[in-house]
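Please look over the sequence and the fold shown here before reading on.

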Amino acid sequence: MNFLPEHINFYAEQHTQPESVLLQDLNRETYLKVLYPRMVSGHYQGRLLSFFANMIRPLRILEVGTYTGYATICLAEGLAENGKIFSIEKNAELEHIARKYWQKGGIEAQISLHIGNALDIIPTLTETWDLVFLDADKENYVNYYPIILKQLRKGGIILADNVLWSGKVADIQTHSDKDTISIDRFNKMVLADPSVECVLLPVRDGIMMIRKK
Ligand SMILES: C[S@@+](CC[C@H](N)C(=O)[O-])C[C@H]1O[C@@H](n2cnc3c(N)ncnc32)[C@H](O)[C@@H]1O
């Protein structure tokens with residue numbers, strides 16, 4: 001979902017650094033072989049994630065929702081020396097694609113992939129997160145938030161994807177499906193939380209940027 005007019009979106013993409021050949025190939029394979037390929041972060045959002053990671057230089061990143069591992073590679077571009085990404089995906093059938101590209105990129109050793117339900121896995125991880133990319137089941141954002149926040153360091157950042165949900169959250173009266181209601185609840189929960197600062201970035205499908213005070 002893009003909220004900008006098509007030609008402006010095109011211009012923004014044209015004036016954003018291109019993705020690597022590795023990421024182009026992964027994007028192509030995702031569109032050819034995997035269901036719901038629009039879920040992949042893709043060129044523009046991928047560059048944004050890489051930019052954030054490079055600003056933060058995190059030692060520990062948590063990604064909730066690996067899919068084919070595109071965003072994982074983008075986030076890995078900004079890892080600190082000895083840094084590591086923990087990525088969680090419930091669909092085991094996607095693992096071979098993600099691993100193939102992580103291997104090609106020479107970054108497999110920096111990634112710890114956990115297959116299963118993120119709600120069960122996150123509390124078992126004993127890391128302290130510098131950066132979290134929340135991009136899995138939208139109805140559980142409200143459940144992920146308190147667990148992740150507890151494990152986030154002071155000054156740590158959470159980026160939560162799809163928080164505009166194709167604009168439906170801004171028109172909640174006409175969209176009463178459970179995902180729209182849950183994302184709206186999440187956005188309001190974050191806004192009301194005095195322990196964080198937040199900015200909702202209307203990029204792509206909306207990214208909530210959260211910083212723990
Ligand atoms: C939007 S895709 C992630 C896209 C990926 N982060 C990227 O940017 O390319 C969401 C992924 O979350 C996974 N997912 C959904 N619910 C989950 C859960 N409870 N635990 C772990 N993964 C989950 C889905 O199987 C799907 O692959």
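This is a predicted model: local features need pLDDT of at least 70, side-chain atom pairs count only at pLDDT 80 or more; totals for chains, interfaces and linings use all residues.

Trp-165 counts as buried because 21 other C-beta atoms lie within 10 Å, where buried stands for 20 or more such atoms around the residue's own C-beta, exposed for 12 or fewer and partly exposed for anything in between, with C-beta atoms placed from the backbone. Trp-165 sits in the loop between β5 and α8, and its phi is near 45 degrees, a positive value in a residue other than glycine.

Residues are numbered from 1 along each chain as its sequence is written.

The protein has eight helices and seven strands, and its C-alpha atoms fill a box of roughly 45 × 45 × 30 Å along the principal axes. Of the 213 residues, 37% count as buried. Among contacts between residues at least 6 apart in sequence, 67% join residues at least 24 apart, a contact being a pair whose C-beta atoms, placed from the backbone, lie within 7 Å.

In soluble globular proteins, nonpolar side chains tend to be buried together. Here the largest nonpolar core holds 51 residues, of which Tyr-70, Leu-75, Val-132, Leu-134, Ile-148, Ile-158 and Ala-160 touch the most other members; such a core is a set of buried Ala, Val, Leu, Ile, Met, Phe, Trp, Tyr and Cys residues joined through C-beta atoms within 7 Å. Helix α4 gives the most to this core, with six residues. Leaving aside residues up to four places away in sequence, Leu-75 touches Leu-49, Ala-53, Ile-61, Glu-63, Ile-85 and Phe-133.

Helix α7 (residues 141-151) has Tyr-141, Tyr-144, Tyr-145 and Ile-148 buried. These residues cover an arc of only 110 degrees around the axis, which puts them on the same side of α7, the arc being that of the directions from the helix axis to the C-beta atoms. The buried residues of α7 pack against β1 (60-64), α6, β4 (129-134), β5 (152-161) and α8 (178-191), while the face turned away from the buried side carries the exposed residues Pro-146 and Lys-150.

Which residues come nearest to the ligand? Of the 18 residues around the ligand, they are Ser-41, Gly-65, Tyr-67, Ala-71 and Ala-118, a residue being near if its C-beta atom, placed from the backbone, lies within 6 Å. The elements that give two or more residues to this shell are α4 (70-76), β2 (84-89) and α6 (118-121). Tyr-67 lies in the loop between β1 and α4 and counts as buried, with 23 C-beta neighbours inside 10 Å; its phi, near 55 degrees, is a positive value in a residue other than glycine.

Definitions and conventions
Helices (H or I, at least four residues) and strands (E, at least two) are DSSP runs, numbered from the N terminus. Two residues are in contact if their C-beta atoms, placed from the backbone, lie within 7 Å.
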